[in-house]
Amino acid sequence: MSSAVTPCTPEHLNSLRKLLQAYGIQIEQVADGIDIPGSYWGESEAGLVGNTLFVRADTPLHSALHEACHYICMNDERRARLHTDAGGDIPEENAVCYLQGLLADNIPGYDRVSLFQEMDRWGYSFRLGSAQAWFERDASDALGWLLNQRIIDHAQRPTGQLRR
C-alpha cells in the first residue's frame, strides 16, 4: 500500500463502526498477511460478504468506505446474496462514489478532499479529470439517485437508511 493512502487505523475503524452501525454493517478486521474475504480487487482492498465489511490494518480507508457504500446502495435482493462482487449499474456506481464522499466527512482526521485525492491516486477516472471536480461539477445524476432512494436528504446528509 502506498504511504499516500490513509489506512484503516484503529481510530478510523472505531469511527467507521459508529458510522456504519445505522446501516447494519459489521466490520471484521483480518490479521496482517491474511487474504481479505470478499475482496473483489485482492491485495489490501476491503471485502464484502453479506453485511460484513472485511479490512486489514493496511486496507485503504477509501476502499472500506467504497465497499460499505456499495452495501448501502444495492437493493435488498443483491444484498441478500452478496459475496465479493457488489455488482450494480453505472448510475449506482456513481451514487456509491458520491456517498463515500459524504460519509468521509464524518470520520475524524479524514474528509472528502483526502478521499478524492486517494481515489485519484488509486486510479478512478472521471470526465473532468479528478474525483473532486466530478463531485463538485458533474455528479448531479448521482446526487439525484441518492435523493430518490432516500439514502441522503436534501441537505445531502446521510439518512442512515439502506436502498430498498
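**Entry 1: the fold**

I began by listing the secondary structure, and the protein chain has seven helices and three strands. I am working with a predicted model. Next I read along the sequence and wrote down the order α-β-β-β-α-α-α-α-α-α.

**Entry 2: overall dimensions**

I looked up the extent of the C-alpha trace. Along its principal axes the trace spans about 40 × 35 × 25 Å. Then I checked the radius of gyration. For 164 residues, a compact globule would have a value near 15 Å. The protein chain has 14 Å, so it agrees with that expectation.

**Entry 3: surface and charge**

How much of the protein chain is buried? I found that 48% of the 164 residues count as buried.

For charge, I noted 14 positive and 22 negative side chains. The centres of the two sets lie 7 Å apart.

**Entry 4: the nonpolar core**

I turned to the largest nonpolar core, and it has 48 residues. Which residues have the most contacts inside it? They are Leu-16, Leu-20, Leu-53, Leu-99 and Leu-146. I then checked which elements build this core. Among those that each supply at least two residues are helix 1 (10-21), strand 3 (52-55), helix 2 (61-73) and helix 4 (90-104). Helix 5 (112-122), helix 6 (131-137) and helix 7 (140-148) also each supply at least two.

**Entry 5: His-66**

I found His-66 in helix 2. Is His-66 buried or exposed? Its relative accessible area is 6%, so His-66 is buried; the cut-off for buried is under 20%. Leaving aside neighbours within four places in sequence, I listed its contacts as Glu-93, Val-96, Cys-97, Gln-100 and Tyr-124.

**Entry 6: Asp-35**

Where is Asp-35 found? I located it in the loop between strand 1 (26-29) and strand 2 (47-49). Its relative accessibility is 68%, so Asp-35 counts as exposed; the cut-off here is over 50%. Leaving aside neighbours within four places in sequence, Asp-35 is in contact with Val-30 and Arg-56.

Last, I checked Asp-35 against Gly-47. The two are 12 residues apart in sequence. From C-alpha to C-alpha they are 9.7 Å apart in space.

Note on methods
Residues numbered from 1 in each chain as written. Predicted model: local features only at pLDDT ≥ 70, side-chain atom pairs only at ≥ 80, totals over all residues. Heavy atoms only, no water. Helix = DSSP H or I, 4+ residues; strand = E, 2+ residues; numbered from the N terminus. Rg over C-alpha atoms; globule rule 2.2 N^0.38 Å. Buried < 20%, exposed > 50% of the residue type's maximum accessible area, 1.4 Å probe, protein only. Lys, Arg positive; Asp, Glu negative; His and termini not counted. Charge placed at Lys NZ, Arg CZ, Asp CG, Glu CD. Core = buried A, V, L, I, M, F, W, Y, C linked by side-chain atoms within 4.5 Å. Contact = heavy atoms within 4.5 Å.
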